[in-house]
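Here is a short report to read alongside the sequence and the 3D view. Keep both open as you go.

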Amino acid sequence: MNSGPIVRIEGLTRRFGPIVAVDRVDLEIARGELFALLGGSGCGKTTLLRMLAGFETPDEGRLFIDGQDMTDVPPYRRPVNMMFQSYALFPHMDVAANVGYGLRRDGVKAPEIAARVAEILKLVHLQDHARRKPSQLSGGQRQRVALARALVKRPKLLLLDEPLAALDRKLRESTRFEMVRLQEQLGLTFVMVTHDQEEAMSMATRLAVMDAGRIAQIGTPHEVYEHPASRFVADFIGIANIIALEGGGWMALRPEKITLSAARPALPQTVAGRIVDVAYEGDRSLYHVETDAHGTMTVSTTNTSRAAGDAFARDQPVWLGWSDEAGQRLEA
Amino acid sequence: MRGRARFAFGMLAFGYAFLYLPIALVIVYSFNESRLVTVWSGFSLKWWHALFANEAMLEAAWLSLRIALVSATGAALLGLAAGYALVRAPRFPGRTLFGSLVVAPMVMPEVVMGISMLLLFVGSERLFGGPDRGFLTIAIAHTTFSIAFVAIVVQSRLADFDRALEEAAMDLGATPWVTFRTITLPLIAPAVGSGWLLAFTLSLDDLILTQFVAGAQSQTLPMRVYSSVRLGVDPQINVLATIVVTIAACALILSGWLTRRKA
């Protein structure tokens, strides 16, 4: 068995007419990772995923899966399965037939197909729905059928295109944990595309932030959040106050790293301002504070006591303070 | 609310009456006793007996039925291919032209098609010594002008077909042909089926084109009816119309049932 990275991408490029969707991307993904491609619409993340699946042919560059060159291999000969954003369940087949479809294509014998389908349906808690048609299932159940169908062949790589986008908020949160559990339990490598930074942060072992067809930064969620490499990344992941530094360059300062108080705090960096906007979110409050030195800054407070949400009001003069290590210096 | 509902039902009844009263009359009059097509003189099955004893009429009906089956099947296969190509083939030079050419027979005067078909068959007879004008030439001509109808139905069904379904199949290991067989075809089968039924109906009652390409020996049902009408109609025509309407209605119900079952 090959011990190198499960995915190796070298200079991968894909153009659509004059638009360069993916621009000379280099990337390595290790075995057992839950890797997220994160970015806004049109950043090239979906095109990159579709090249991994084989639905798009790169114009330049090579793509290796488990050490084998897969650049020109059609999708039906790749050891890769994909879960589609729309789930793409076959409407004329029941759940068991949907899940067993890939095994049937491989010529697996009927009794074995039945056993493996039953096993995987149990894993996603759908063992009682095998005879239902997709139209008879709820959104969450369809999502799990799609996941089971993509998992049943035990692919070397599972690709997920916005796996949670079609679910409502409550279900999305529980499904996140469920998918991470499955990924760890099966020991597979997941590559997930998402535009939702919260989703990427909470699920991924590593993530790549993409912008205009290129990878802006790769790292663990912690690295990318606390040590953004550029203004783009700092701004895309979470909220960041970008402060221009004397002598060039910028600093990204997260709202929760700033102390908000009525009196001048005893911190190395302080600035006076006035609250122009308050957003009360229950667990925390966000304040927009107008400062002379850095313009409008965003500050958050955690509402650890029930009175905390009322502590500051609009138009109130306040002080902001932070320590020297609170911000990340940015070069670009 | 009441008044509006009554008005809506009234409009509906009027619409249906406009569409189906003539057909209902034909059916009623097929059980007429009178010799005259339009005068009711009592219930009788005698014209039904007469029609089923009318060898020439039955022979024409059998020929029409065989032609309709063959040409509808041919048109369904070729129309499926054309509709699929129009939607799925990557952009190729002349695609718009090809698209218009496929549907051209729908708007081309039948007389023009009839002449061109006749010229083709005469020419091929001279060059290759065949085919003899009759069953085969009529079936070919009907196939040609029915392809457009199937192609359009298939094309519109495929246009809103979720491509991700085919990609999912390929992702799971299905080759393009297997994907077509197991995913695409079952899902567009109702469209192909209704295209087939359309082609079948068009073939069954075509008169103009058929007259150009039919030889001296073959007479289809519409040709037979047309010539007998010129000699003066008798109520056998009503019986015939009743039978044709029944077949068409069954076909429609079948296609509706098929569509609903697949969806």
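## Chain A overall

This is a predicted model. Chain A has 332 residues, and 38% of them count as buried. Its secondary structure comes to eight helices and 18 strands. The C-alpha trace spans about 75 × 45 × 35 Å along its principal axes.

## Two domains

Chain A is divided into domain 1, residues 7-231, and domain 2, residues 241-330. Their C-alpha centres lie 39 Å apart.

Five residues of domain 1 of chain A are in contact with five residues of domain 2 of chain A. On the domain 1 side, these residues divide into one nonpolar, two polar and two charged.

## A helix pair in chain A

Helix α2 of chain A covers residues 95-105, and helix α4 of chain A covers residues 139-151. Their axes come within 7 Å and cross at roughly 30°. Angles under 35 degrees count as roughly parallel, so α2(A) and α4(A) are roughly parallel to each other. The crossing of α2(A) past α4(A) is right-handed.

Which residues meet here? From α2(A) come A:V95, A:N98, A:V99, A:Y101 and A:G102. From α4(A) come A:V145, A:A148 and A:R149. By class, the contact has five nonpolar, two polar and one charged residues.

## Where chain B touches chain A

The contact between the chains involves 16 residues of chain B and 15 residues of chain A. On the chain B side, the elements that give two or more residues are α7 (163-171) and α8 (176-204) of chain B. The largest share comes from α7(B), with six residues.

What is the make-up of the chain B side by class? There are 10 nonpolar, two polar and four charged residues.

A:E162 has a phi near 45°, a positive value in a residue other than glycine. A:E162 is found in the loop between β7 (157-161) and α5 (169-186) of chain A. Is A:E162 exposed or partly exposed? A:E162 counts as partly exposed because it has 19 C-beta neighbours inside 10 Å, and a buried residue needs 20 or more.

A:D315 also has a positive phi, near 70°, and is a residue other than glycine. A:D315 is found in the loop between β16 (295-302) and β17 (317-322) of chain A. A:D315 has 8 C-beta neighbours inside 10 Å. The cut-off for exposed is 12 or fewer, so A:D315 counts as exposed.

## The loop at A:T71

A:T71 lies in the loop between β5 (68-69) and β6 (80-83) of chain A. A:T71 has 17 other C-beta atoms within 10 Å and is therefore partly exposed.

What does A:T71 touch, leaving out residues up to four places away in sequence? The contacts are A:P58, A:R62 and A:L63. A:T71 and A:E60 are 11 residues apart in sequence. In space, their C-alpha atoms are 9.5 Å apart.

Technical notes:
Residues are numbered from 1 along each chain as its sequence is written. Chains are lettered from A and ligands numbered from 1 in the order in which they are written. This is a predicted model: local features need pLDDT of at least 70, side-chain atom pairs count only at pLDDT 80 or more; totals for chains, interfaces and linings use all residues. Two residues are in contact if their C-beta atoms, placed from the backbone, lie within 7 Å. Helices (H or I, at least four residues) and strands (E, at least two) are DSSP runs, numbered from the N terminus. Ala, Val, Leu, Ile, Met, Phe, Trp, Tyr, Cys and Pro count as nonpolar, Asp, Glu, Lys and Arg as charged, and the others, Gly among them, as polar. Axes are lines fitted to C-alpha atoms, for helices over the stretch in contact, and angles run from 0 to 180 degrees between N-to-C directions. Angles under 35 degrees count as roughly parallel, over 145 as roughly antiparallel, 65 to 115 as roughly perpendicular and the rest as oblique. A crossing is left-handed if the near helix is turned anticlockwise from the far one by less than a right angle, and right-handed if clockwise. Domain bounds come from an automatic or database domain assignment.
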